[in-house]
Amino acid sequence: MEWLQQLINGISLGSIYALIALGYTMVYGIIKLINFAHGEIFMIGAFIGYYSIAGWGLGFIPALLLSMASCAIIGVLIERIAYKRLRTATRIAALITAIGVSLLIQNGVIYMRGAQPEAYPEVLRNKSFDFFGAQISSQSILILSVSITLMIILQFVVHKTKIGKAMRAVSYDAEAAKLMGINVDNTISATFAIGSALAGAAGVIFGIYYTKIDPLMGIIPGLKAFVAAVLGGIGIIPGAMAGGLVLGVVETFVSALGFSLWRDAAAFVILILILIFKPSGLFGKNTREKV
Amino acid sequence: MKKSKQFWSFVAASLIAYTVIQVLLNVGVLNDFHSNILIFMSINIMLAVSLHLVIGVTGQFSLGHAGFLAVGAYISAIVTMKLNLPFPVAILAAGVIATIAGLIIGIPSLRLRGDYLAIATLGFAEIIRIVFLNIDYVGGAAGMQVTHLTTWTSAFICLFITIVVIVNFTNSRHGRACISVRENEIASDAMGINTTYYKVLAFAIGAFFAGVAGALYAHNFYIIQPSNFGFLKSIDILIYVVLGGLGSLSGAIVATILLTIVSTFLQNYPETRMIIYSLVLIVVMLYRPKGLMGTMEITDYFKLWRGSKGGSQHDK
């Protein structure tokens, strides 16, 4: 049952990617900006989780909630300070600013606490369960249940609440939404808050799963989550979840087949293939550009 | 007529600059430390100018320039260290192979626009880096030993050729086509310009000079490792271009010179250097989204200055 084991590992990893990808996809859907700083919010989330568990002795759930709340605030601050002025600027200017913010956060964290990695504390005893011959650790179950819960809550927020309706309206047509009395600025902030909170949660569960965090950990998972978002069709929420899961499973299988050094390349190969053959993603529809 | 006058004055100025620095080096006023900074500066200017052709002139946002630098560095190192051929051959081989890499990457990914192109080139650069990481012939993660062959003279000659070729390309019919692609791709397509051809052409020329810069880069250090050519290196090069002005060649050169000096002095404080870099990047983008000089060249400022003193401004 080797492949079942790998599938379970892949899904655990993939659900972390999916959580980060949701933030990318929501922000891209609403202001058409690749938020490069998103991977750094994920890193900050992991560190807040670490300090609240190891430093202040909080349990897993309070640490997760604290990390999500702080990341939401940081995400909104970044949007207000750095991105708000650039709504009407060119896409390249916005993208470069996002890269700048990402470098600033990385190096700011290194400046404040040093670049040394930190070992994540163990919040729950590692038990393994037997599942059709495959071993599932309690951590995998935890990761899966947290991610699934958050994704269900997100679906509920986006489809059933007023702010979710406003988000969908703004992403469809910001000008028209404004005319209909929707506060576009607050809606964008809410999108950043929700996306960043999900990245924060992903950071905490990443820390628990991999037991090691460092200030530069956000770069590669951030890029891969973006690949996941593109894979599913950027701007489409179920697409980001599916993309994250597919990417996690593919990566795990590439490692399992003995090409672990090529694991990072697999994500980028998938990205390039998708961009070339189906730029709108697996779940997307083609749109033609008008003059 | 006007352009050729400008060209010859540029040639004269650079010859004078070269002779002065060479004399100072021979006399001993400038020591090894200074000549190292000069070489490093030339390499950075070559990278900035070649990326300027892709981003500034053609308007294609490429985030993978470090990939071509890596190709050039490794190919030249293989040519000199494994095949024992002379250094000029290595430089040429580095440029040619990097051009081929540029074509391979450019033809599929230049069908994409804006953000997607940026991400695709970034992905390609990462793949190149991972490929070098996994080839034992070039030392894998431990890196490859390279002898020190780059001198101030060779760096200067390569830099001079780079600038001359790119300036002349930009001012030629092809360069104007590239600028029209930057300004409005759909409109220039409708005017009968083969946009894909020009985008790929600019990309390939940019890759060639990045490869040449890679050869100089590899032979300026004693060891090259895949980790030297990561995402951050691409960002470094991007900062030179963006800061100077998207579309301004002289702006890119000035920004590169300034930032190379700043980063030499901050060598022992890498975090501080990156914090300053990123703050500069954010502030410039927020307040001057087209970079410090926009699409203006230094010579345009002279014209403006002369124009304000009563001369004619319409003598272009």
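Predicted model: local features only at pLDDT ≥ 70, side-chain atom pairs only at ≥ 80, totals over all residues.
A residue counts as exposed when its relative accessible area is over 50%, as buried when that area is under 20%, and as partly exposed in between.

**An exposed loop residue in chain B**

B:S227 lies in the loop that runs between β2 (223-224) and α10 (231-244) of chain B. Because its relative accessibility is 55%, B:S227 counts as exposed. The residue can also be placed relative to B:L117, which is 110 residues away along the chain. The C-alpha atoms of B:S227 and B:L117 are separated by 23 Å.

**A buried lysine in chain B**

B:K199 belongs to helix α9 (residues 195-218) of chain B. With a relative accessible area of 4%, B:K199 is buried, since the cut-off for that class is under 20%. Leaving aside residues up to four places away in sequence, B:K199 touches B:T58, B:Q60, B:L110, B:V181 and B:E185.

Chain A contains eleven helices and four strands. Its radius of gyration is 19 Å, close to the 19 Å that the globule rule gives for 291 residues, so chain A is as compact as a globular protein of that length. Chain B contains 13 helices and two strands. For its 316 residues, a compact globule would have a radius of gyration near 20 Å, and the 19 Å of chain B agrees with this.

Taken along the principal axes, the C-alpha atoms of chain A fill a box of roughly 55 × 45 × 35 Å. The corresponding box for the C-alpha atoms of chain B is roughly 60 × 50 × 40 Å.

| Chain | Buried residues | Accessible surface | Share from carbon and sulfur atoms |
|---|---|---|---|
| Chain A | 57% of 291 residues | about 12,900 Å² | 66% |
| Chain B | 55% of 316 residues | about 13,900 Å² | 68% |

In chain A, 75% of the contacts between residues at least 6 apart in sequence join residues at least 24 apart. In chain B, residues 24 or more positions apart account for 80% of the contacts with a separation of 6 or more.

Charged side chains were counted as well. Chain A has 21 positive and 13 negative side chains, and the centres of these two sets lie 10 Å apart. Chain B has 19 positive and 12 negative side chains, with the centres of the two sets 9 Å apart.

Helix α4 (residues 91-113) of chain A has 23 residues, which at 1.5 Å a residue should span 33 Å. The end C-alpha atoms of α4(A) are 33 Å apart, in agreement with that expectation. The helix is mostly covered, as 18 of its 23 residues are buried. A:G114 follows α4(A) and has a positive phi near 90 degrees.

Helix α10 (residues 237-256) of chain A has 20 residues. From its first C-alpha to its last, α10(A) reaches 29 Å, close to the 28 Å expected at 1.5 Å a residue. The buried residues of α10(A) include the glycines A:G239, A:G243, A:G244 and A:G248. Also buried in this helix are A:I237, A:A240, A:M241, A:L247, A:V249, A:E251, A:T252 and A:V254. The buried residues of α10(A) pack against α1, α5 (138-160), α9 (219-232) and α11 (263-277) of chain A. Just after α10(A), A:G258 takes a positive phi of about 100 degrees.

A:K32 lies in the loop between α1 (2-31) and α2 (38-55) of chain A, and with a relative accessible area of 39% it is partly exposed. A:T211 is in the loop between α8 (184-210) and β4 (212-213) of chain A. Its relative accessible area of 43% makes A:T211 partly exposed.

Technical notes: Residues numbered from 1 in each chain as written. Chains lettered and ligands numbered in written order. Heavy atoms only, no water. Rg over C-alpha atoms; globule rule 2.2 N^0.38 Å. Buried < 20%, exposed > 50% of the residue type's maximum accessible area, 1.4 Å probe, protein only. Contact = heavy atoms within 4.5 Å. Areas by Shrake-Rupley, 256 points an atom, 1.4 Å probe, with all protein chains shown as cover. Lys, Arg positive; Asp, Glu negative; His and termini not counted. Charge placed at Lys NZ, Arg CZ, Asp CG, Glu CD. Expected span 1.5 Å × (residues − 1).
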